[in-house]
Amino acid sequence: MLVDFNEFQEITIAGMNGGTGMMSTKMFMDEQGKIIHTKIHSGGSIGMHKHETSDDINYVISGEGKAICDGQEEILRTGVCHICKRGSEHGITNTGKDDLVLMTVVVER
């Protein structure tokens, strides 16, 4: 199966999961999970939320940020992968001046 994000419409979201600022995203979704290309714009964040039924795998394409996962801070930078396992809680903040660009895979289990 091929997922071509060039064919997806980008949407802009304010305050995702109670976070701050803006983010732009393109998403593929089926019953097994999601693949999401996200740009968290400067000053933006995805608020703390719990993954009840899925693992959330976030690969940093570019930018700088931090994740808080189950109370532990993780520094995000290009080439780093942040994983929030099922049952865990996390939030992600862009700490840089440029977009924090992520490719996220959400695996339902």
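Leaving aside its neighbours within four places in sequence, which residues is Leu102 in contact with? With contact taken as heavy atoms within 4.5 Å, they are Ile36, His37, Thr38, Ile40, Asn58, Tyr59, Val60, Ile61 and Ile92. This is a predicted model, in which local features need pLDDT of at least 70 and side-chain atom pairs count only at pLDDT 80 or more, while totals for chains, interfaces and linings use all residues. Residues are numbered from 1 along each chain as its sequence is written, and side-chain values use heavy atoms, with hydrogens and water left out.

**Leu102**
- Leu102 lies in strand E10, residues 100-108 (strands are DSSP runs of at least two residues, numbered from the N terminus).
- Leu102 counts as buried because its relative accessibility is 1% (buried means under 20% relative accessible area, with a 1.4 Å probe and protein chains only).
- A distance of 14 Å separates the C-alpha atoms of Leu102 and Phe28, which are 74 residues apart along the chain.

**Nonpolar core**
- The largest nonpolar core has 10 residues, among them Leu102, Ile40, Val60 and Ile92 (such a core is a set of buried Ala, Val, Leu, Ile, Met, Phe, Trp, Tyr and Cys residues joined through side-chain atoms within 4.5 Å).
- Ile46 also belongs to this core.

**Pairing of strand E9**
- Strand E9 (residues 89-94) pairs with strand E4 (residues 45-50) in the antiparallel sense over 4 bridges (pairing requires at least two DSSP bridges).
- Ile46 stands opposite Ile92 in E9.
- Strand E6 (residues 64-69) runs antiparallel to E9 and is joined to it by 5 bridges.
- Gly65 stands opposite Asn94 in E9.

Methods
Buried means under 20% relative accessible area, exposed over 50%, partly exposed in between (1.4 Å probe, protein chains only).
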